[in-house]
Amino acid sequence: MIKIKLQKMRLQKQLSQEEIADLIGMTQSTYSRKEKGITNITMSEWIKIAKVLGVEKDEIYQAGISKKGMFKVLENLDIHPDFLDKIKFLQKENFELQEKLRKLQK
């Protein structure tokens with residue numbers, strides 16, 4: 001899930017990902033993954049980010065949703081079962097590819 005409010009606020013403050021990452025004490029690549037929703041933002045990180053942006057945490061905070069949680073949301077929608085099967089297949093394939101990538105990076 002993209003952290004839309006966070007990205008919008010950062011851009012309004014005319015801060016690059018690198019600038020905000022430096023101010024909160026992480027690398028640009030780590031911050032980018034967090035802003036895109038690839039990795040979760042901890043509560044202490046939300047607080048630091050809000051302070052840098054000069055806003056209250058609640059103005060930008062977006063709770064993360066796990067893959068399991070997202071699948072439950074999809075199941076509750078009126079989606080064709082074949083589509084859900086395809087999502088499961090792609091999630092498994094994605095996980096396997098990520099594992100292969102981690103092994104190659106070692």
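Modeller: Let me begin with Lys92 and Glu96, which are four residues apart in helix α7 (residues 81–105) and therefore separated by about one helical turn. Helices here are DSSP runs of H or I with at least four residues, strands are E runs of at least two, and both are numbered from the N terminus. This is a predicted model, in which local features need pLDDT of at least 70 and side-chain atom pairs count only at pLDDT 80 or more, while totals for chains, interfaces and linings use all residues. Residues are numbered from 1 along each chain as its sequence is written, and side-chain values use heavy atoms, with hydrogens and water left out.

Colleague: What makes the meeting of Lys92 and Glu96 a salt bridge?
Modeller: The term asks for a side-chain nitrogen of Lys or Arg within 4 Å of a carboxyl oxygen of Asp or Glu. For Lys92 and Glu96 the N to O distance is 3.9 Å, so the pair meets that definition. In general, side chains of opposite charge can pair when their charged atoms come close.

Colleague: Why is Lys92 called exposed, and what is Glu96 called?
Modeller: Buried means under 20% relative accessible area, exposed over 50%, and partly exposed in between, using a 1.4 Å probe and protein chains only. Lys92 has 55%, so Lys92 is exposed. Glu96 has 39%, and is therefore partly exposed. Lys5, in helix α1, is also partly exposed, because its value is 44%.

Colleague: How many salt bridges does the structure hold?
Modeller: There are five. One of them joins Glu35 and Arg10, at 2.7 Å from N to O. That pair links distant parts of the chain, with Glu35 in helix α3 (residues 28–36) and Arg10 in helix α1 (residues 4–12), 25 residues apart.

Colleague: Are Glu35 and Arg10 buried or exposed?
Modeller: Glu35 has a relative accessibility of 2%, so Glu35 counts as buried. Arg10 comes to 6%, so Arg10 counts as buried too.

Colleague: Which residue forms a salt bridge with Lys34?
Modeller: Glu45 does, with the closest N and O atoms 2.9 Å apart. This pair also links distant parts of the chain: Lys34 lies in helix α3 and Glu45 in helix α4 (residues 43–53), eleven residues apart. Leaving aside residues up to four places away in sequence, Glu45 touches Met26, Lys34 and Asn40, where contact means heavy atoms within 4.5 Å.

Colleague: What is the angle between helices α2 and α3?
Modeller: Helix α2 (residues 17–24) and α3 pack at about 105 degrees, with axes 8 Å apart. That makes α2 roughly perpendicular to α3, because 65 to 115 degrees counts as roughly perpendicular, under 35 as roughly parallel, over 145 as roughly antiparallel and the rest as oblique. Axes are lines fitted to C-alpha atoms, for helices over the stretch in contact, and angles run from 0 to 180 degrees between N-to-C directions. Residues meeting there include Ile20 and Ala21 in α2, and Tyr31 and Glu35 in α3.

Colleague: Where is confidence lowest in the protein chain?
Modeller: In helix α6 (residues 67–76), with a mean pLDDT of 63, whereas α2 is highest at 96. pLDDT is the predictor's confidence in each residue, from 0 to 100. Where pLDDT is low, the predicted coordinates should not be read in detail.
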